[in-house]
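Hi,

Here is the structure I promised to pass on. Have a look at it first, and my notes follow below.

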Amino acid sequence: MVGEIHDEQVTVADQMEMLLARLQTQPKFAFSQLFGRTVSLRMVVATFLAILELARLKRLRMRQDELFADIFCEAATENVLESAAGPTTVAP
């Protein structure tokens, strides 16, 4: 029997778009909820990197309650104190 091997094309940018869309309908979720029963290592790594990038861009926040526990993600809300304080309103 001859089988075919399909190379999965997963990009961090694609996963970022998927995560942003998910945050619109589900503002809080666990990292493990993003995957079905079978998932490739490439998909997990690309998704994790996408979460890190979105956290760096302050589009989502991550929380992990203990070592090796699931990572919880939620939509980031703008911090009112950070946005109100500009360089002209802060004393040197």
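**Aromatic rings and a nonpolar patch**

F35 is buried, with a relative accessible area of 18%, in what is a predicted model. F31 is buried too, at 12% relative accessible area; both values fall under the 20% cut-off, which is why they count as buried.

How many aromatic pairs are there? The count comes to two. F31 and F35 make an edge-to-face pair, because their planes stand at 75 degrees, with the ring centres 5.2 Å apart. F31 also pairs edge-to-face with F48, at 6.0 Å centre to centre and 85 degrees between the planes. F31 sits in the loop between strand 1 (28-30) and helix 2, while F48 belongs to helix 2, so this pair ties together parts 17 residues apart in sequence. Put together, F31, F35 and F48 form one aromatic cluster.

F48 itself is partly exposed, with 32% relative accessibility. That residue also turns up in a nonpolar patch on the surface, along with L41, V45, L49, L52 and M62. Together the patch residues have about 520 Å² of accessible area. Which element gives the most to the patch? That would be helix 2 (residues 41-56), with five residues. L52 is found in helix 2, and L52 is partly exposed at a relative accessible area of 35%.

One last thing to look for: the charged end of R22 sits over the ring of F29, 5.2 Å from the ring centre.

Cheers

Notes. Residues numbered from 1 in each chain as written. Predicted model: local features only at pLDDT ≥ 70, side-chain atom pairs only at ≥ 80, totals over all residues. Heavy atoms only, no water. Patch = residues over 30% accessible without salt bridge, like charges linked within 9 Å, V, L, I, M, F, W, Y side chains within 5 Å. Areas by Shrake-Rupley, 256 points an atom, 1.4 Å probe, with all protein chains shown as cover. Salt bridge = Lys/Arg side-chain N within 4 Å of Asp/Glu carboxyl O. Helix = DSSP H or I, 4+ residues; strand = E, 2+ residues; numbered from the N terminus. Buried < 20%, exposed > 50% of the residue type's maximum accessible area, 1.4 Å probe, protein only. Phe/Tyr/Trp six-rings, centres within 6.5 Å; stacked < 30°, edge-to-face > 60°. Lys NZ or Arg CZ within 6 Å of the ring centre and 35° of its normal.
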